[in-house]
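Subject: Structure handover

Hello,

Please find the structure below, followed by my notes on it. Keep it open while you read.

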Amino acid sequence: MAATPWESELASELKAHFGERISGTSTYLGQNFIVAKPEAAVPILEYLKLESGFDYLVDLTAVDWPKRAERFDLIYIVYSFARNERVRIKTNIPDGFKPHSAVDVHRTANWLEREVFDMFGIEFAGHPDLRRILLPEEWQGYPLRKDYGILQQDDRWVQENLGIESGQ
Amino acid sequence: MPDATFLDSTELVLNMGPQHPSTHGVLRVILKLDGEKVLGTDCVIGYLHRGVEKIAENRTYAQFNPYVDRMDYVAAISNGLGYCLAVEKLLNVEAPERAQCVRVILTELNRIASHLLWLGTHALDIGAITPVFYCMREREEALKIFEKYCGARLTTHAFRIGGLIYETYDGFEKDINNFCDMFLPKVDEYAELLTGNRIWIGRLKGVGVLTADECKEYGVTGPVLRAAGVKWDLRKAQPYSGYQKYEFDIPTCETGDTYDRYLVRMEEMRQSVRIMRQAVASIPEGPIMGKVPKVIKPPIGEAYVSIEAPKGELGYYVVSDGSTQPYRLRVRPPSFVNLQALDRMVAGGLVADVVAIIGTIDIVLGEVDR
């Protein structure tokens, strides 16, 4: 079963408003998602929040596809209390691209973006406080990238701070 | 935190945690104070980070199942339910009705166990020593049922992808009914100790107010959101595992302060009993395991599935590349997202309130840090 096109009032409204910047609206397993250009993600979030009542940013995360030219998927999940509906917004960004922060639209994005930065090394432009959140601030490397091994660690950090040869 | 903090004589930076009994684990909060007044906070988290999401990418779907119990370890069954539902969604299978019903019973029992631990420790933080003993006493009964059912008390690994692995034991229904009969009067007992208690009210009323709009802005869910007056519960809004079959109410309050959150959780425990009673009276006959292949290989695709965990919306975003291991597994933890609102809730309050507010958000650091 593959994703099928998502036809609805909201989908056509978004397509009419954002035009080229939305490359597709699909549904898979009953879940709707929008594939959009990276620079359109935050405007879409804002539009959905103000015009359609999607006032709750559920989650913001990324997926690494190292073989692809546009290496990362950036995924925003929003929910509307009024419509009881969930929508995912997906953008593809190359390594080094700095997507705009969504903090101005949803405050939730603050920590979520920090986590994405921590785990994937994606920097968000305009984020008020972009620091590592789960790992120590001096840690080198981004663990959820596919080229980061499961047993890999920042040896120097471990030796300096924990006084042991290796954490493994 | 700005560097100028130490130069200003009216401001004081106080470090709280990570080893502090009222942070419920290893949470470090850096408080910026003006006398007794809190100006701002900075949460330092990650002490319990084990890289659960990375581990998931290196385990098969079935192998990863026990790991999810270690996130919110006081509500392991809810974690397991969310994970199983997410993988079942990707596989496009549904657990048999009997399994769904038993899942609901155990999940609700776990919700009670989780809320009891919250109530006991929260009261202890505020200075009421007694409730924690009572809460632990009743929680023990719930854990005994888990132990009888699957052999484990805390990290239960009770569910499997596609259903259940264990049939209910002889006398399971009786144990649940006995627990319900025993437990309802106990909730009233706690309420008698606390609800009208002047110290309790004095410490909680008007403390850490988070309005409905602020909750939405910060993505806060669960009892915190309901205490602010939003009647929203995923069990009702987007029912899963057969929750639509049971009658129960969503308790809400209005002001969204710490006292309201206490009232909401107390009522939730009563509602959980209601659900358990209905479910246990109607456990259908039939298989407990759905038609799931021995080797779990979901088709290429992705799904986001969320459930109402005791702490709020617990979501799993799973990406499958058609292999036996998840390509990417993201956990949307309620505690992590809710904790972000701490800064807003404590700003302008007193140092002593910080303890009350951390308790009332009901965080589990295993889930915050993953």
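In chain B, strands E1(B) and E4(B) (residues 28-34) pair antiparallel over five bridges. Helices (H or I, at least four residues) and strands (E, at least two) are DSSP runs, numbered from the N terminus; two strands pair if DSSP finds at least two bridges between them. Within this pair, Leu33(B) of E4(B) stands opposite Leu12(B).

This is a predicted model, in which local features need pLDDT of at least 70 and side-chain atom pairs count only at pLDDT 80 or more, while totals for chains, interfaces and linings use all residues. Residues are numbered from 1 along each chain as its sequence is written, and chains are lettered from A and ligands numbered from 1 in the order in which they are written.

Chain B

The pair belongs to an open, antiparallel sheet of three strands, in the order E1-E4-E5. E1 (12-16) and E5 (37-44) of chain B are at the edges with a single partner strand each, so one side of each has no neighbour in the sheet. On average, neighbouring strands of this sheet are turned by 25 degrees against each other, direction ignored.

Helix H14(B) lies across E4 and E5 of chain B and runs at about 150 degrees to E4(B). Angles run from 0 to 180 degrees between N-to-C directions, with axes fitted to C-alpha atoms, for helices over the stretch in contact. H14(B) covers residues 351-361 and includes Ile361(B). Ile361(B) is buried, with 27 other C-beta atoms within 10 Å. (A residue is buried if 20 or more other C-beta atoms lie within 10 Å of its own, exposed if 12 or fewer, and partly exposed in between; C-beta atoms are placed from the backbone.) Leaving out residues up to four places away in sequence, Ile361(B) touches Val224(B), Asn338(B), Leu339(B) and Leu342(B); contact means that C-beta atoms, placed from the backbone, lie within 7 Å.

Helix H4(B) (residues 97-126) has 30 residues and should span 44 Å at 1.5 Å a residue; its end C-alpha atoms are 43 Å apart, which agrees. The expected span is 1.5 Å times one less than the number of residues. Of those 30 residues, 27 are buried, so H4(B) is largely enclosed by the rest of the structure. Just after H4(B), Gly127(B) takes a positive phi of about 120 degrees.

Chain A

Chain A has an open sheet of six strands with mixed pairing, in the order E1-E2-E3-E6-E5-E4. E1 (4-5) and E4 of chain A stand at its edges, each with a single partner strand, so one side of each is left without a neighbour in the sheet.

E5(A) (residues 72-80) is mostly covered, with seven of its nine residues buried. Eight bridges join E5(A) to E4(A), antiparallel, and Ile75(A) is the bridge partner of Thr61(A). E5(A) also runs antiparallel to E6(A) (residues 85-93), over nine bridges. H3(A) lies across E4 and E5 of chain A, at about 10 degrees to E4(A).

Between the chains

Which parts of chain A touch chain B? In all, 25 residues of chain A are in contact with 32 residues of chain B. E4 (56-64) and H3 (109-120) of chain A each supply at least two residues of that side of chain A. E4(A) gives the most, with six residues.

Regards

Notes
Contact = placed C-beta atoms within 7 Å.
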